[in-house]
Amino acid sequence: VQLQASGGGLVQPGGSLRLSCQASGSVYSINFMAWYRPAPGNGRELVALITAVGSTKYADSVKGRFTISRDNAKNTVYLQMNNLKPDDTAVYYCNAAVAVDRSSGYYEFWGQGTQVTVSS
């Protein structure tokens, strides 16, 4: 299973970007899909998550500005980012829990990351 992220770039404060991440390979079904970015100090922080039935969760810092969605037919998750701020500058990583066949459990996979830079 591979997760291919795209859509990053350079944008001015207040601008918008749309990230995409498609899962390919031995994908039987996908549970949750999510976006992460590095956390201050160490590790990664959850930016947004969407479950298989469409329930969503957001970091407080992005609520009202970012929207996560998914296209199950395309095994793709999106992150619409509006009113971007310099503090949103980061590498964004997609993450998904994937079952590779009917009898397997769900395993987490990570994409390679896409750079988002918010600067004037």
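Trainee: In this predicted model, with which side chain does the side chain of asparagine 72 make a polar contact?

Mentor: Asparagine 72 lies in the loop between strand 7 and strand 8. Its side chain makes a polar contact at 2.7 Å. The partner is the side chain of arginine 70.

Trainee: Is asparagine 72 buried, partly exposed or exposed?

Mentor: The relative accessible area of asparagine 72 is 46%. Buried means under 20% and exposed means over 50%, with partly exposed in between. Asparagine 72 is therefore partly exposed.

Trainee: What distance separates the C-alpha atoms of asparagine 72 and alanine 52?

Mentor: Along the chain, asparagine 72 and alanine 52 are 20 residues apart.

Trainee: What is the order of the strands in the open sheet of four strands?

Mentor: Strand 1 (residues 2–6) and strand 3 (residues 17–24) run antiparallel and are joined by five bridges. Strand 3 also pairs with strand 8 (residues 76–81) in the antiparallel sense, over six bridges. The open sheet, with antiparallel pairing, has the order 1-3-8-7.

Trainee: Which strands are the edge strands of this sheet?

Mentor: An edge strand here pairs on one side only. The twist of the sheet averages 15 degrees from one strand to the next. The edge strands are strand 1 and strand 7.

Trainee: Which residue in strand 3 is the bridge partner of alanine 5?

Mentor: Strand 1 and strand 3 are joined by five bridges. Elsewhere, leucine 17 has methionine 81 in strand 8 as its bridge partner. For alanine 5, the bridge partner in strand 3 is cysteine 21.

Trainee: To which residue does a disulfide join cysteine 21?

Mentor: A disulfide is a covalent bond between the sulfur atoms of two cysteines. A search of the whole structure finds one disulfide. The S to S distance is 2.0 Å, and the disulfide joins cysteine 21 to cysteine 94.

Trainee: How many residues apart in sequence are the parts that this pair ties together?

Mentor: Cysteine 21 lies in strand 3, whereas cysteine 94 lies in strand 9. The pair therefore ties together parts of the chain whose separation in sequence is 73 residues.

Trainee: Is the disulfide of cysteine 21 and cysteine 94 right-handed or left-handed?

Mentor: Cysteine 21 counts as buried at 1% relative accessibility, and cysteine 94 counts as buried at 0%. The torsion about their S-S bond is about 50 degrees, so the disulfide is right-handed.

Trainee: Is threonine 114 buried or exposed?

Mentor: Threonine 114 is found in strand 11 (residues 114–118). Its contacts include Leu19, Trp35 and Tyr92. Buried means a relative accessible area under 20%. The value for threonine 114 is 10%, so this residue is buried.

Trainee: How far does the backbone nitrogen of glycine 8 lie from a polar atom of the side chain of threonine 114?

Mentor: Gly8 is one of the residues that threonine 114 touches. From the backbone nitrogen of glycine 8 to a polar atom of the threonine 114 side chain, the distance is 3.1 Å.

Notes: Residues are numbered from 1 along each chain as its sequence is written. This is a predicted model: local features need pLDDT of at least 70, side-chain atom pairs count only at pLDDT 80 or more; totals for chains, interfaces and linings use all residues. Side-chain values use heavy atoms; hydrogens and water are left out. Helices (H or I, at least four residues) and strands (E, at least two) are DSSP runs, numbered from the N terminus. Buried means under 20% relative accessible area, exposed over 50%, partly exposed in between (1.4 Å probe, protein chains only). A polar contact is a pair of N or O atoms within 3.5 Å; within protein, one must be able to donate a hydrogen and the other to accept it, and residues adjacent in sequence count only if both atoms are side-chain atoms. Contact means heavy atoms within 4.5 Å. Two strands pair if DSSP finds at least two bridges between them. Axes are lines fitted to C-alpha atoms, for helices over the stretch in contact, and angles run from 0 to 180 degrees between N-to-C directions. A disulfide is a pair of cysteine sulfur atoms within 2.5 Å. Lists of a residue's contacts leave out its neighbours within four places in sequence.
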